[in-house]
Amino acid sequence: MSGLKSPLRRHVLAGSACFLALATVDLSSAAAQDKAAAQVVGLIGAATVSAGKGSPRPLAAQATIQAGETVKTGADGKCQLKFGDGSVVTLGPGSELKVAQYTVDGETRRGFLELARGVARAVVSKMSPQSRFEIQTPTAVAAVRSTVWMIGTTADGGTEVFVGEGAVRSEEHT
């Protein structure tokens with residue numbers, strides 16, 4: 001990792017330590033989680049959530065995130081989302097992530113997230129072969145099966161992927 005000289009490297013080091021303790025937080029409302037895609041289990045600094053073209057509202061710890069909503073962290077913000085299957089996505093400062101779809105039906109999962117800018121670290125729980133977990137950026141898409149990884153957008157419009165454990169398949173797109 002010492003050869004990785006980018007903002008993503010800083011977030012790999014800082015983000016991992018910052019939210020390590022928060023990753024074990026239990027979801028407080030099973031009923032709310034059943035209807036929501038994710039719950040905010042960690043929040044530092046400013047962050048907002050919005051649906052479609054609606055006005056953003058401040059994000060709070062334990063808030064639920066629905067499919068179709070977008071989470072944005074401020075310049076000082078970090079946010080950790082825990083999904084119903086136990087997967088955890090941590091957003092670094094200045095990030096924007098849309099939960100396009102996240103459904104769990106028995107052992108089958110469909111997780112499609114869109115990272116417009118910033119950095120996201122994902123710890124993905126084990127899943128069946130027919131399941132999918134993908135994060136798309138403006139220039140690439142990365143898909144995984146139970147792994148620890150990060151994806152980020154670069155200032156020049158590119159995409160960087162860092163794999164901490166497991167394997168990630170990424171493809172460029174236009």
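## Terms and model

Buried means under 20% relative accessible area and exposed means over 50%, with partly exposed in between (1.4 Å probe, protein chains only). By that scale Glu69 is buried, with a relative accessible area of 7%.

This is a predicted model, in which local features need pLDDT of at least 70 and side-chain atom pairs count only at pLDDT 80 or more, while totals for chains, interfaces and linings use all residues. Side-chain values use heavy atoms, with hydrogens and water left out, and residues are numbered from 1 along each chain as its sequence is written.

## Charged pairs

Side chains of opposite charge can pair when their charged atoms come close. A salt bridge here is a side-chain nitrogen of Lys or Arg within 4 Å of a carboxyl oxygen of Asp or Glu. The count by this rule is four.

## Glu69 and Arg57

One of the salt bridges joins Glu69 to Arg57, at 2.9 Å from N to O. Glu69 sits in strand E5 (residues 69–73) and Arg57 in strand E3 (residues 57–58), so the pair ties together parts 12 residues apart in sequence. Strands (E, at least two residues) are DSSP runs, numbered from the N terminus. Arg57 is partly exposed, at 38% relative accessibility.

## Arg109 and Asp85

Arg109 and Asp85 also meet in a salt bridge, at 2.7 Å from N to O. Arg109 belongs to strand E9 (residues 108–117), and Asp85 to the loop between strand E6 (78–83) and strand E7 (88–91), so this pair links parts 24 residues apart in sequence. Arg109 is buried at 4%, and Asp85 is buried at 18%.

Terms used
Helix = DSSP H or I, 4+ residues; strand = E, 2+ residues; numbered from the N terminus.
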